[in-house]
Amino acid sequence: MVVDDSIVVDESMDVKQENLKRFAGHFNGNEFTIRGMKVDSSKDYQGLFGYQVGTIENLTISYSYVKGNDTVGALVALNGGIIKRCSSFNNEVVGNNKVGALIGVTASNSNLDSIHTADNVTGNKYVGGVIGYVNNNVKLSSASSRGTTLGKEYVGGILG
């Protein structure tokens, strides 16, 4: 599936059917921390940003709870853009499939740099300490995870 003529997303994900509104701007967190965020849903695409194709940088999320069904991440559920110098720690991130501490799914041609986590992540399939599911042609530089990642299939400390 191709979204916005340049973002290639996994075939099982229908962004248009979900009626997701995409963030396409530049969000600079200025080294601030979002603390105590709570997302408790049974729907797909749950996170601070549901779907983003812009740039998110210099932000930390801590002591938060994020729960959804498929494609769940504390910062971004579905990433198709740039994320740099972002972190999350002491969060609980829970979902079914494609669950990551920071990012649920990152689409092709995304760019990720200096992303770090120390969270508890729980899911079923494609569960990662940083990113749940990664498409082709993603640039990932300087990532780390120090937390607990639990799942049944395709589970990894950094990537599911």
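Lys84 is partly exposed, at a relative accessible area of 28% (partly exposed runs between buried, under 20%, and exposed, over 50%, using a 1.4 Å probe and protein chains only). This is a predicted model, in which local features need pLDDT of at least 70 and side-chain atom pairs count only at pLDDT 80 or more, while totals for chains, interfaces and linings use all residues. Residues are numbered from 1 along each chain as its sequence is written, and side-chain values use heavy atoms, leaving out hydrogens and water.

Back to Lys84, then, and its charged partners. Lys84 makes a salt bridge with Glu57, with 3.8 Å between the closest N and O atoms (a salt bridge being a side-chain nitrogen of Lys or Arg within 4 Å of a carboxyl oxygen of Asp or Glu). Because Lys84 sits in strand 10 and Glu57 in strand 6, the pair ties together parts 27 residues apart in sequence; strands here are DSSP runs (E, at least two residues), numbered from the N terminus. Glu57 itself is buried, with a relative accessible area of 7%. The Glu57 side chain also meets that of Arg85 in a salt bridge, at 2.8 Å from N to O. Here, too, distant parts of the chain are linked, with Glu57 in strand 6 and Arg85 in strand 10, 28 residues apart. Arg85 is partly exposed at 41%. Put together, Glu57, Lys84 and Arg85 form a network of salt bridges.

By this rule the model has 3 salt bridges. One of them pairs Lys67 with Asp40, the closest N and O atoms lying 4.0 Å apart. That pair also links distant parts of the chain, as Lys67 is in strand 7 and Asp40 in strand 4 (residues 38-40), 27 residues away. Lys67 is partly exposed at 31% relative accessibility, and so is Asp40 at 49%.

Now for the greasy side of things. In soluble globular proteins, nonpolar side chains tend to be buried together. The largest nonpolar core in this model has 24 residues, and Ile56, Leu75, Ile83, Cys86, Leu102, Ile103 and Ile115 have the most contacts inside it (a core is a set of buried Ala, Val, Leu, Ile, Met, Phe, Trp, Tyr and Cys residues joined through side-chain atoms within 4.5 Å). Strand 6, strand 10 (82-94) and strand 13 (111-122) each give two or more residues to this core. A second, separate core of 7 residues includes Tyr51, Ala77, Leu78 and Tyr133. Setting aside residues up to four places away in sequence, Ile56 touches several residues, among them Phe23, Phe27, Phe49, Leu75 and Lys84 (contact means heavy atoms within 4.5 Å).

Gln52, in strand 5 (residues 49-52), is buried at 0% relative accessibility. The Gln52 side chain reaches the backbone nitrogen of Gly54 at 2.8 Å. Beyond its neighbours within four places in sequence, Gln52 contacts residues including Phe23, Val76, Leu78 and Ile83.

Two backbone angles also deserve a mention. Most residues other than glycine have a negative phi. Glu31, however, has a positive phi near 70°; Glu31 belongs to strand 3 (residues 26-35) and is exposed, at 61%. Tyr63 also has a positive phi, near 45°, and lies in the loop between strand 6 (55-62) and strand 7 (65-67). Tyr63 is partly exposed at 44% relative accessibility.

Notes. Helix = DSSP H or I, 4+ residues; strand = E, 2+ residues; numbered from the N terminus. Polar contact = N/O pair within 3.5 Å; in protein donor to acceptor, adjacent residues only side chain to side chain.
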